[in-house]
Amino acid sequence: MGKFVIKKTATGIKFDLKAGNGEVIATSEVYNSEASCKNGIESVRKCCTGGIEDQTVEGFETLKHPKFEVYLDKKGEYRFRLKARNGEIIAVGEGYKAKSGCLNGIESIKKNAPEAPVVEE
């Protein structure tokens, strides 16, 4: 089972969602407080059931929030961002060479986030 790992940074506090194997699936922005960070985790739990908007295909269908957006970054790698109901980005994924890897990352969030415990490092 996955877990949310909260950790302090030089400028604040953030979380990573890690899969059962310890790999980071998604990362948050840096928050000013632990309470804000924990609210971000709750947003991911609530919003991870959203649909997937694949912006890498021509004429893609625009979905309502919450949603995962799949896109190509400047290096040509596939990435995703999870947007909350208000349109704010609440979690982002790493770059993937193949779209299938990116989609697997999203599925891993959908599977792990709802029940993942929160731990602090």
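Which side chains meet in a salt bridge at 2.7 Å, N to O? In this predicted model, the side chains are those of D54 and K99. Because D54 lies in strand β4 (residues 51–54) and K99 in helix α2, the pair ties together parts that are 45 residues apart in sequence. D54 counts as buried at 17% relative accessibility, whereas K99, with a relative accessible area of 24%, is partly exposed.

| Residue | Partner | N to O distance |
|---|---|---|
| D54 | K99 | 2.7 Å |
| K14 | D16 | 3.2 Å |
| K38 | E120 | 4.0 Å |

In the pair of K14 and D16, K14 counts as buried at 15% relative accessibility, and D16 counts as buried at 4%. Elsewhere, salt bridges join E53, K67, E69, R81 and K83 into a network.

The largest nonpolar core has 28 residues, of which F4, F15, V44, F80 and I109 touch the most other members. Among the elements that each supply at least two residues of this core are β1 (3–8), β2 (13–18), β6 (78–83) and α2 (99–112), while α1 gives the most, with four residues.

Methods
Residues are numbered from 1 along each chain as its sequence is written. This is a predicted model: local features need pLDDT of at least 70, side-chain atom pairs count only at pLDDT 80 or more; totals for chains, interfaces and linings use all residues. Side-chain values use heavy atoms; hydrogens and water are left out. A nonpolar core is a set of buried Ala, Val, Leu, Ile, Met, Phe, Trp, Tyr and Cys residues joined through side-chain atoms within 4.5 Å. Buried means under 20% relative accessible area, exposed over 50%, partly exposed in between (1.4 Å probe, protein chains only).
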